[in-house]
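Today I am opening a new page in my notebook. I will follow a few helices and jot down what I look up.

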Amino acid sequence: MELPAPMAEDLLRYALCSPFALGETPALVVARAAKRDTLVVNLVVLAAAAAAVILLESVISSSYKISSTAMLLRIRPLIRSTAPCLPVRLLKARLVGTKTADKFYITQPIFYVNSVPHIGHFYTIVLADTIRRYAQLQGKTTKLSGGTDEHGLKIQQAAAIHGEEPLPFCTRFSDRFRELMAAANARPTDFIRTTDTRHYEAVSHFWKLLVERGFIYKGEHSGWYAVSDEAFYTQGQIEERTDPATGKQGMFAIESGQPVEWVSEINYKFRLSMFRDRLVEWIEENPNVVYPNIRRNEVLEWLKAGLEDLSVSRPRDRLRWGVPVPGDDQHTIYVWVDALINYATVDGFPWNPDSPSKFFPPDVQVVGKDIVRFHAVYWPALLMAADLPLPRRILAHAHWTMGTQKMSKSKGNVVDPFEAIERFGLDPIRYFIVRNGGIADDGDYSDEEVLVRYKKDLVGQLANLASRCLSSRLGPDLTLFSTIGHQQLEHVDIADVSLRDVLSALPATVSASFDQGEFGRGLGLIFDALSMTNKYVTDQEPWNIVKRTDKLSRMRLQVVLFYALEAVRLAGIMLLPVMPDKASRLLDHLSVSSDQRMWTYARFGAGWHMSTLPKPLPGAARLFPKQAQAKDLIEMQICNITNLPENYQMKYYLYHLATWPELSYVAENEQGRIVGYVLTKMNDDDSSPTHDDGHITSLSVLRSYRRLGLAERLMNQAQRAMVEVFSAKSVSLHVRISNHAAYALYKNTLKFDVDHTEAKYYADGEDAYMMKRSLTDLFPMEMESMDF
């Protein structure tokens with residue numbers, strides 16, 4: 001039996017549409033008690049509440065200038081269960097449309113356009129994109145929002161300093177953020193600017209909604225205001241200290257460290273204090289809604305300490321650059337209210353039956369830890385006031401330091417993300433930023449740490465494992481792997497059981513970390529498994545098994561290669577959200593079809609379904625070419641005995657070591673210093689009938705290491721790699737006619753023959769010897785480490 005709708009409406013109009021419902025009144029107490037009663041008692045309770053309100057309404061002070069809709073909102077959550085058929089026209093629901101389970105909405109914070117992007121912005125962008133791609137792998141239809149926050153006093157002042165009008169000033173910086181998102185391969189579904197016309201309309205509508213519901217009032221506001229933060233702070237949120245820049249005493253916000261000034265003005269205020277209890281209840285009932293726990297606990301401390309009503313406008317004579325208050329052109333809407341509404345604007349707010357919401361509310365909102373208060377207190381309170389659903393998760397990541405020092409322009413330690421992408425490549429820097437970036441604790445950036453991650457993880461573990469085991473000399477038969485995978489679930493050799501168990505459990509453990517937003521932890525688990533697999537391959541010695549011809553040995557070889565390449569396949573799928581290009585190309589090398597790259601295929605033994613023998617692409621190692629440091633390359637440039645193919649500037653070597661499409665080797669001494677390198681490539685001449693000829697493009701060794709035979713070792717290593725990885729039949733190179741030392745090295749020591757002489761081969765017109773060597777006489781062997 002349900003409460004009759006007409007009776008419910010009549011009773012609630014008396015019981016709820018009264019200023020009395022705003023306080024701890026009989027109506028509120030009775031409504032709370034009604035949650036535990038039967039439907040028959042509900043009717044009596046509501047009637048009693050109505051009678052109580054009628055009797056007491058006459059003694060309520062007229063100072064309660066609150067609309068009936070606002071009073072209804074205060075106790076609506078308590079009475080929804082008592083009147084399930086309450087008319088929609090009374091509740092005035094504001095969300096039009098139903099979000100389906102397959103839709104997933106991720107938001108970036110919109111970035112303030114007072115400066116150019118830095119590595120912290122890049123981290124936020126990549127982290128949000130990683131979450132988006134992870135959801136897509138799980139079959140979700142995703143929406144990723146991003147954009148720029150362009151209003152406020154800080155922008156108004158910055159534009160004036162630069163002698164520009166605010167809009168072109170904003171456009172210049174906004175375009176730079178848009179370019180960074182494109183460079184990061186993280187373009188949002190919707191890029192919004194708060195200066196967009198659609199956003200003005202959304203903010204104005206939201207403001208009118210809050211006014212209609214009684215949560216906006218006009219009054220005097222005094223407080224400590226930080227222009228840099230565009231925020232007011234209470235007395236307990238500031239401190240007096242010395243400004244390190246000027247050496248003068250002043251007042252500063254404890255939370256952000258920004259200077260504050262005392263401001264008194266008449267403006268509009270939002271009844272934020274009314275929502276403290278509901279915010280506490282929301283966070284306590286949803287333990288993961290604010291993550292990590294250190295941020296959740298901070299928010300709860302703020303809430304339990306009490307909330308003051310929030311100033312939500314500034315006088316127009318102080319702030320003209322913003323959305324004007326509807327109906328009052330003497331005031332401008334507070335920049336944070338304006339900015340937060342962007343998350344609804346991009347989903348079409350204000351909604352109506354002809355244009356419903358599709359993705360709102362956000363499933364994950366990625367923010368920096370410095371703006372948690374705005375997203376975990378102000379934003380949900382505004383949504384509660386508007387009767388809109390709340391975000392499902394707020395992921396507040398930590399910041400970046402350099403040498404444990406906070407990054408700042410004055411210290412000259414701000415990292416340009418565009419330069420980092422150009423130097424290290426996009427996917428490697430994406431990997432580093434997600435792997436080393438902090439969620440609870442700050443991450444520390446250095447070029448050296450990027451190289452360590454690159455060489456240790458991407459080259460040393462992933463590329464090394466893939467290139468060794470995809471070798472044509474070992475001959476992995478990928479058509480057998482599906483059968484082998486199913487067999488290994490039931491019958492496993494004692495030598496394989498530990499690795500099988502680790503790989504079987506890996507996807508679930510990684511997924512648990514990714515679900516929390518702890519992608520760095522998940523990546524650590526992936527590379528721990530790859531390290532274990534590399535050790536397994538070393539122990540099993542497939543390069544020796546392949547020499548045996550009996551049936552058991554041939555089958556054992558395929559089992560060993562299955563485990564190695566199954567680890568690579570699982571890693572490839574799980575790395576797709578972080579390194580979308582490199583991971584996809586890695587799966588190409590394994591002939592994994594595009595329809596078998598969803599997260600559901602990240603299971604032991606899945607994803608090897610193929611009916612015909614594929615041809616694995618050679619050269620997995622080329623996905624992550626080795627890199628070197630400039631200070632070591634400079635000295636090698638001076639003493640480059642081979643001088644191949646020309647005397648290029650140092651930028652040439654840095655560029656090629658970072659982006660060379662084929663296989664390169666770098667030798668290090670015990671201190672980790674680069675002491676030699678060799679660059680190689682495969683024949684890319686389309687006029688050639690074959691592509692199985694290798695080419696040495698450059699070889700350089702420090703003078704003190706030449707007598708140790710390092711040049712010979714590097715060359716032999718490169719030649720063996722060409723055979724193992726690329727199935728090269730021969731290798732060639734060019735040597736200047738005048739370079740007698742190089743000629744002697746290649747001809748006498750490395751057994752190259754002069755194929756012919758090319759006149760005026762070099763740019764300066766010098767002739768060159770074209771030297772070649774057959775590689776068919778090289779014995780297959782495991783590629784050794786080049787660390788010295």
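I started with Arg278, which counts as partly exposed because its relative accessibility is 26% (buried means under 20% relative accessible area, exposed over 50%, partly exposed in between, with a 1.4 Å probe and protein chains only). This is a predicted model, where local features need pLDDT of at least 70, side-chain atom pairs count only at pLDDT 80 or more, and totals for chains, interfaces and linings use all residues. Residues are numbered from 1 along each chain as its sequence is written, and side-chain values use heavy atoms, leaving out hydrogens and water.

Next I looked up where Arg278 sits: in helix 10, residues 276-285 (helices are DSSP runs of H or I with at least four residues, strands are runs of E with at least two, and both are numbered from the N terminus). I also noted that the C-alpha atoms of Arg278 and Met384 are 8.7 Å apart, although 106 residues separate them along the chain.

Which residues of helix 10 are buried? I found Leu279, Val280, Trp282 and Ile283. Down the helix axis, these buried residues fall within an arc of 160 degrees, so they line one face of helix 10 (the arc is that of the directions from the helix axis to the C-beta atoms). On the face turned away from that buried side, I found the exposed residues Asp277 and Glu285.

Last, I checked the neighbours: the buried residues of helix 10 pack against helix 11, helix 14 and strand 16 (394-397), with contact meaning heavy atoms within 4.5 Å.
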